Amino acid sequence: MEPQRSPLLEVKGNIELKRPLVKVASRLPLPGSRRKRGPDQMEDALEPEKKRTRGLGTTTKIATSRPRAPVLTTVPPTQGQTAAPKVPKKTGPRCSTAVATVLKNQKPGPAVPAQKPGTAAAPPMVGGKKPGKRPAWDLKGQLCDLNAELKCCRERTQMLAQENQQLRDQLREAQQQATALGAERRVLEEELVRVRTQAEQGQQELGNLSARVLELEERLGTQEGLVQELQKEQLGLQEERRGLAARLEEQERRLQGSEAALLGSQAEVASLQQKTAAQEALLAERDERLHGLEMERRRLHNQLQELKGNIRVFCRVRPVLPGESTPPPGFLLFPPGPGGPSDPPTRLSLSRSDERRGTLSGAPAPTTRHDFSFDRVFPPGSGQDEVFEEISMLVQSALDGYPVCIFAYGQTGSGKTFTMEGGPGGDTQMEGLIPRALRHLFSVAQELSGQGWTYSFVASYVEIYNETVRDLLATGTRKGQAGECEIRRAGPGSEELTVTNARYVPVSCEKEVEALLHLAHQNRAVARTAQNERSSRSHSVFQLQISGEHTGRGLQCGAPLSLVDLAGSERLDPGLALGPGERERLRETQAINSSLSTLGLVIMALSNKESHVPYRNSKLTYLLQNSLGGSAKMLMFVNISPLEENVSESLNSLRFASKVNQCVIGTAQANRK
């Protein structure tokens, strides 16, 4: 039996056998679209072309009315063919284009020799026979033939269009039938897949049940053996049960005795709980009292610091270094304190010979003595621990919430950096104020943690070189990028000042502080001057932001501790560097002296309670604005050299410090919330 052929395949076969012709838009002039020419006019139009053809004796090309129309060419006469002339220009564009198209599609045939002007065109063949090719000049006859052929083509096209429509209808029906059969096929396939899946699941379930039956049979045999063993064990347990019953009676008797003892213990626990509650109340009372004492200690401590003065000035004289000349006797004198030799000195006497008042006889010039009085004077033999012991109570004020600022002022080589940072080598006895202050703060914060206080410390270290702020803690590619650091407010409406793009490092131990100091020491700007081989040419500012919180009482306090190592305060001539860098040293000295003068003006304005304080005249005073006002405590170390050759710069430093010592700033206020 032959397989039934799909209707879709049949339709496709019919389409392949009968392909419709492509319709081409005709460009021939429609009847009545243009005025027809008469035979006489056409003859007159062709007359010049005929004469030209006779004169040349070769193939003639006649230009059409439009340049884009296809060009009709003929084969040369050597091949036995004659060329047909082109359509005259006066024929319409549609007619000329259509003629060219039809002539192009026709197969090439033997050329008909050109007729004479008076010869008439050959009539078409009668009886359906194919007429011969008309002469080239008989355009009217060719046009009639083309119209007849066009009519036949249109009839054939109409017939093919009808047949194509019928085939399209058959194709549409076949496609609909194929779509329905495809949907039915997909439903049957899904049903087949579902049935196969169910069959596979049934087979799998049957295999599982068979395995389960075998397993249950094995377990049944095992259980039967176990039942026998359990029966034997049951007999033994019954014997054991009788023994346990006897022990249970004994335990019940002991339990009754334990319950009686428990009642006594509960009474004792209740008594202990009462005692514990009383102790807790006493502890809370003592904690409250301890907190009150701590607040009272802070108040008294602050009052004591205020009695000493919110602006204090200490003078420190460095010892004579190896290789330096020893000053003459009486050059520097340290009179005893007000309480006698046991009190630390507070006065300094410096002698200076006035060479301008010398006599012509060569007699020695008279000596002028200058006396200065400060809050404390440290002779050359004073150690670092003695210096820090005097300022430790001021550092404690920073932990209590009061802004504290400590300066080191003096000429180059007078020991400012040694006082603030300490000497090299890692000797604990040579440590400066910065590491000792941090160690003291960490120790006191640890003690206060037992009272419920928690403290955090964030350190920053910058230098101000030629009125440009640099980050001394910068690492890697950020080193030396001074233009990126600017002094800005921490936020809208905030009084706290920060340095943009500077590192703020949280610290919690001494090792971290040592690493920061070592990094800052490497990055600080130094240069060789006449007074010092390695002179600091910038102001270094170490700031520690202290934040404390007592969560139990909802108390908060915070204040900055600023430790500033000022650049050398010498005048221009002695401090000039040697060599080609004199102009750079001169510019540095001018910037240093300008900022130090601004610092003095700010302190004077604060002391005089002026309405305008020129903080912004210098980057140094602007950065330390919150540590210089009425709510801050200041301490200035004026460091001087013991050498007689530096007496002029020493006098300038002592006079500036004396002016600062005479200033009085209002009562400090703690930053508490």
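Keep in mind that the model is predicted.

**Helices α5 and α7**

- Helix α5 covers residues 384-399, and its axis comes within 9 Å of the axis of α7, crossing at roughly 50°.
- That angle makes α5 oblique to α7, and the crossing is right-handed.
- On the α5 side, the contact is made by Gln 384, Asp 385, Val 387, Phe 388, Ile 391, Ser 392, Val 395, Gln 396 and Leu 399.
- From α7 come Leu 433, Arg 436, Ala 437, His 440, Leu 441, Val 444, Ala 445 and Leu 448.
- Sort the residues of this α5 and α7 contact by class and you get eleven nonpolar, four polar and two charged.

**Helices α9 and α11**

- Helix α9 (residues 582-607) packs with helix α11 (residues 647-661) at an angle of about 25°, and their axes are 10 Å apart.
- Angles under 35 degrees count as roughly parallel, so α9 and α11 are roughly parallel to each other.
- The crossing of α9 past α11 is left-handed.
- Leu 596, Gly 600, Ile 603 and Met 604 are what α9 brings to the meeting, while α11 brings Phe 656, Lys 659 and Val 660.
- This contact of α9 with α11 has five nonpolar residues, one polar and one charged.

**The largest cavity**

- The largest cavity holds about 50 Å³ of space.
- Its lining is made up of Glu 431, Pro 435, Leu 438, Arg 439, Glu 510, Val 513 and Glu 514.
- By class, the lining of the largest cavity has three nonpolar and four charged residues, with no polar ones.

**The second largest cavity**

- About 40 Å³ of space lies in the second largest cavity.
- Around this second cavity sit Ile 464, Asn 466, Glu 467, Arg 537, His 539, Glu 588, Ala 591, Ile 592 and Ser 595 as lining residues.
- Helix α9 turns up again here, giving the most to the lining with four residues.
- The lining of the second largest cavity splits into three nonpolar, three polar and three charged residues.

Key
Residues numbered from 1 in each chain as written. Predicted model: local features only at pLDDT ≥ 70, side-chain atom pairs only at ≥ 80, totals over all residues. Heavy atoms only, no water. Axes fitted to C-alpha atoms, helices over the stretch in contact; angles between N-to-C directions. Helix = DSSP H or I, 4+ residues; strand = E, 2+ residues; numbered from the N terminus. Parallel < 35°, antiparallel > 145°, perpendicular 65-115°, else oblique. Left-handed = near helix turned anticlockwise from the far one by under 90°. Contact = heavy atoms within 4.5 Å. Nonpolar A, V, L, I, M, F, W, Y, C, P; charged D, E, K, R; others polar. 1 Å grid on protein atoms, 1.4 Å probe; cavity = no way out; pocket = protein on both sides within 12 Å on 5 of 7 lines; lining within 4 Å. Points joined across faces, edges and corners; volume = space filled by probe spheres on them.
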